[in-house]
Amino acid sequence: MLRLFRRDTSTHSPAHDEVDVSHEGVSYRVSLKRVTGARRFTLRVRAATRDVVLTMPMRGSLTAARDFAQRNAAWIAARLNRLPRIVPFRPGSIIPLRGDDHIITHQEAARGGIWTEAACEAPAPHMLHVACGLDHVPRRVSDFLKREAKRELEAAVKLHTNRLGFASRKVTVRDTTSRWGSCSASGSLNFSWRLVMSPPFVLDYLAAHEVAHLVHMNHSDKFWALTHELAPQTERAEAWLRAHGAELHRYGVEPDAAPPDRVNSR
Ligand SMILES: [Zn+2]
């Protein structure tokens, strides 16, 4: 994240502006987001959505915003180039499921369905067979992963609530980009369905983490002590998320549905 102090109340433009900046002949689209109370220009490249957003004061000048983005065009280019490539849920794509690589294969079959098949030999990926019309493969895979995620997270949450003597909780899965899990005031637990792609010890840790929030609604020492008790692999799981968490967002992104991460100026 980059910040620069800037105040400019001379012009006012409608919301949802976009500007294009260029670096080494490649042009990049930057959406401008006017934020009440913002006093700075802040430029962000969001890994999950691969878009570039410049937040700015409500009455900030469009020219100043464009100048700021253009001055940081090299930074935008570097950040975008560092992001992992997207992997759509299409036949031939290799996606992780419970931490193991699976290659998506399309099956022409009379009856629809989706199922996994273990690899014959170790280095080859497992297979995720999808039987449906070709156009429906991405949707089928994403529905399958969400279903699996919900099932596994429900089981993990149940395990940990049982250990604490609590009633089981309502579990919902979403496609969250800022947090892997959250715990509402009413005690329902929400998770990113993408956790089903991570190794099982990571998913189990996230379930334990949110269940521990049912006791401690903070990240105090007591909270961490309880989390470690429920999930002795806490450190390892946190380290895994730091190293690989962002990568989980590259799966299931359709090239045409994603905002362009670069637009050629020529
Ligand atoms: Zn937490």
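**Helix packing and cores in a predicted model**

Q: In this predicted model, at what angle do helix α4 and helix α6 pack?
A: Helix α4 covers residues 200-213 and helix α6 covers residues 234-244. Their axes lie 9 Å apart. The packing angle between the two is about 110°.

Q: Are α4 and α6 roughly parallel or roughly perpendicular to each other?
A: Angles from 65 to 115 degrees count as roughly perpendicular. The angle for this pair is about 110°. That is why α4 and α6 are described as roughly perpendicular.

Q: Which residues of α6 make the contact with α4?
A: On the α4 side, the contact uses F201, V202 and Y205. The residues of this contact divide into six nonpolar, one polar and one charged. From α6, the partners are T234, R236, A237, W240 and L241.

Q: How are α4 and α5 oriented to each other?
A: Helix α5 spans residues 221-230, and its axis comes within 9 Å of the α4 axis. The two axes cross at roughly 140°. Angles over 145 degrees would count as roughly antiparallel, and 65 to 115 as roughly perpendicular. The pair α4 and α5 is therefore oblique.

Q: In the crossing of α4 and α5, what is the handedness?
A: The contact here is made by A208, H209, V211 and A212 of α4, together with F223, L226, T227 and L230 of α5. By class, it has six nonpolar, two polar and no charged residues. As α4 passes α5, the crossing is right-handed.

Q: Which element gives the most residues to the largest nonpolar core?
A: This core has 35 residues, and L153, F191, L195, L203, L206 and A207 touch the most other members. The elements giving two or more residues to it are β9 (126-131), α3 (137-164), β10 (171-174), β12 (189-192), α4 and α5. With eight residues, the element that gives the most is α4.

Q: Which residues does A207 touch, leaving aside those up to four places away in sequence?
A: A207 is among the residues that touch the most other members of the largest nonpolar core. Leaving aside those sequence neighbours, A207 touches L153, A156, V157 and H160.

Q: How many residues are in the second, separate core?
A: Its members include V30, F41, V45 and V52. The size of this second core is 14 residues.

Q: Is R44 exposed, partly exposed or buried?
A: R44 lies in strand β4, residues 40-46. Its C-alpha atom is separated by 8.3 Å from that of I76, 32 residues apart along the chain. A buried residue needs 20 or more C-beta neighbours, and an exposed one has 12 or fewer. R44 has 16 inside 10 Å, so R44 counts as partly exposed.

How values were computed
Residues numbered from 1 in each chain as written. Predicted model: local features only at pLDDT ≥ 70, side-chain atom pairs only at ≥ 80, totals over all residues. Axes fitted to C-alpha atoms, helices over the stretch in contact; angles between N-to-C directions. Helix = DSSP H or I, 4+ residues; strand = E, 2+ residues; numbered from the N terminus. Parallel < 35°, antiparallel > 145°, perpendicular 65-115°, else oblique. Contact = placed C-beta atoms within 7 Å. Nonpolar A, V, L, I, M, F, W, Y, C, P; charged D, E, K, R; others polar. Left-handed = near helix turned anticlockwise from the far one by under 90°. Core = buried A, V, L, I, M, F, W, Y, C linked by C-beta atoms within 7 Å.
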